Amino acid sequence: MIVLGYNGFTRSSELFGLLYGATGVDRHQLIGHDAAAALMVDGEVVAAVEEERLSRAKKTSDFPVNAIRWCLEHAGIGLEDVDVFAFPWRFAPEVVDRMITEICGSGMPVVAKFDQLRRTGELFSGMLGRAAVHTDFMERMDHPLDPNKLVLVPHHTAHLMCGAHLAGVRNAAFLVSDGRAETRSAVMGELRNGVVRVFDQCSVDMNNSLALAYGKITRYLGFVPNNDEYKVMGLAAYGPPPTRNPLLINAVQLHENGSYDIFIPGDKQAYYAFFDQIFGGDSEKREEFDFRVRVAGLAQHMVEAVTAHQVRALGAATDLDTLLFEGGLALNCVANTKMLERSSFTGMEVGFGASDPGVAIGAAVHVSGLGSSPASTPVTPYLGPGYDETEILEALDTYADDVEWVALDEDAVADTTAALLAGKTVVAWFQGRTEFGPRALGNRSILANPEFPDIKDIINLRVKHREPFRPFAPVILASEAPRVFDLGKKTASPYMTFVFPVRQEYRDRIPGACHVDGTARVQTVDDESNPSLASLLRAFSARTGVPCLLNTSFNVAGEPIVCTPGDALECFLNTEIDHLVMGRYLVDKRSDRHG
């Protein structure tokens, strides 16, 4: 059976811009962001890629034409060979009826109700309804899709199925929390022998979305909502934990069953005034670093308190000992670690597709009937395009006026790169197939030596062109990780979805990998998951005695992670990256390239 899962809408940016003002700083406040496609053949995920990697439009919500075409080309098949097309949004009639009922029963003035109904109707007919989804596919792919082959999957179901399949579990408690699905923002329950049971009494509607509340604070602090929340998370570490949180007093009400209400105005002007009042802020203070740190700390503490509340209720309602956490909020790796350590669960899984790229995989998994039969072996995140030596050499020839290169023996790649990384140098590492998901996991990465205290500043300012407070993740062999980091209940962290304290004896040894609070967002690797990166880590450690490398995504701020050799060369030439290792080729900038 061949199933294609995909996420994205041609008109999302247009309609959300026209109807809800989702433009400029709010451009990602829409449905369908992180558009992607994934292909399953006989129960195996054979290909998956985000549209942004191919279109080069970061976090695009557009219909994923390029991603779909690449997945099919990779498998050597055409659209006519696909048995089912799975789409991770299901605005069924009963869902729309519920949306209409909620609008009519709200406390809004009558005129506002009519306006909201009008906008909802335009969104449904122009984008969300089954007919619109079907038409969108046929027009963009120029393919007469049999409507019986199109299956709409509820958004949270797609999140859950992605997490369960990638983790290879049949029995687990689950929490899915994101900005919004069709009408809810968070659900929890049990996956038992592959059968899903949602604890409806614990569900949270989208009007009380914790992720959207965090997004409002992100915007209030001058960042881009639904994009820059990780900046708020990083800033929070620069201040002490709050002793009193006005958000938990004025904006949040927790309920015994694990649900909650959030009382933050929806209108931007109103919630700015609300935040100014409870934080003691104004337009000038919002620009001050110390004020931003304090507010970021309060926002992070709110997320940690509310999710801990949910997990406590979930733990009391189930006898299962593993927790699956999926959805956009699962990218808050600081909260993830605290959730696990403070819970009754012995294990917790957060997948490499936890946020919305993963719903393309999850929808395909659900339609394939694999909820009761998860992957027998871990699914690799390296599911995107790869490039052979011929394609790499063609790209190098195109840029021959600007770069020079040497071919290394396959056995010498790790040792040569390790020698370069032993100094205060920055190396771009381009190997194998592109990672799926928001993290660079060692195939499209920028690497550096963490023993230099100022290496973070060098990469942030001279390479990534981003804020100096941003931390970097260390990548380390899984066998070495417990020696350097306090992993708590975890034994590995392959996808950078957890943060751990750096053991005291290593904080001075790897200062570049330590955040200001002495923690690090760790990636563990082994020979099975990424043999070339594991080989490099062994060579680097043997040469320097340093147990890990810094790993950040191979891109600059505002750009998607590089995908093709051409992308890699453009990024290399337009930054102060010192060397590029692409396949077995060591690439340097020509000294006379501006001559």
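**Exercise 1. Find the bridge partner of Phe 430 in S22 and describe the sheet around the pair.**

Step 1. The partner of Phe 430 in S22 is Met 582. Before going on, note that this is a predicted model, in which local features need pLDDT of at least 70 and side-chain atom pairs count only at pLDDT 80 or more, while totals for chains, interfaces and linings use all residues. Residues are numbered from 1 along each chain as its sequence is written, and side-chain values use heavy atoms, with hydrogens and water left out.

Step 2. Strand S15 (residues 426-430) and strand S22 (residues 579-582) run parallel and are joined by four bridges. Strands pair if DSSP finds at least two bridges between them; helices (H or I, at least four residues) and strands (E, at least two) are DSSP runs, numbered from the N terminus.

Step 3. Helix H21 (residues 565-573) packs on this sheet and touches S14, S15, S22 and strand S23 (585-589). The direction of H21 makes about 170° with that of S22. Contact means heavy atoms within 4.5 Å; axes are lines fitted to C-alpha atoms, for helices over the stretch in contact, and angles run from 0 to 180 degrees between N-to-C directions.

Step 4. Now place the pair in the whole sheet: eight strands, open, with mixed pairing, in the order S14-S23-S22-S15-S16-S21-S17-S20. Strand S14 (403-407) and S20 stand at the edges with a single partner strand each, so one side of each has no neighbour in the sheet. Direction ignored, neighbouring strands are turned by 30° against each other on average.

Step 5. Helix H20 (residues 531-544) lies across S15, strand S16 (444-448), strand S17 (473-477), S20 and strand S21 (548-553), at about 90° to S17.

**Exercise 2. Which strands are at the edges of the five-stranded sheet, and which helix packs on that sheet?**

Step 1. The order is S3-S2-S1-S4-S5, in an open sheet with mixed pairing.

Step 2. Strand S3 (44-50) and strand S5 (150-152) are the edge strands, each pairing on one side only. From one strand to the next, the twist averages 20°.

Step 3. Six bridges pair strand S2 (residues 36-41) with S3 in the antiparallel sense. Val 41 has Glu 44 as its bridge partner in S3.

Step 4. The helix is H14 (residues 358-367), which touches strand S1 (2-7), S2, S3, strand S4 (84-87) and S5. The direction of H14 makes about 145° with that of S1.
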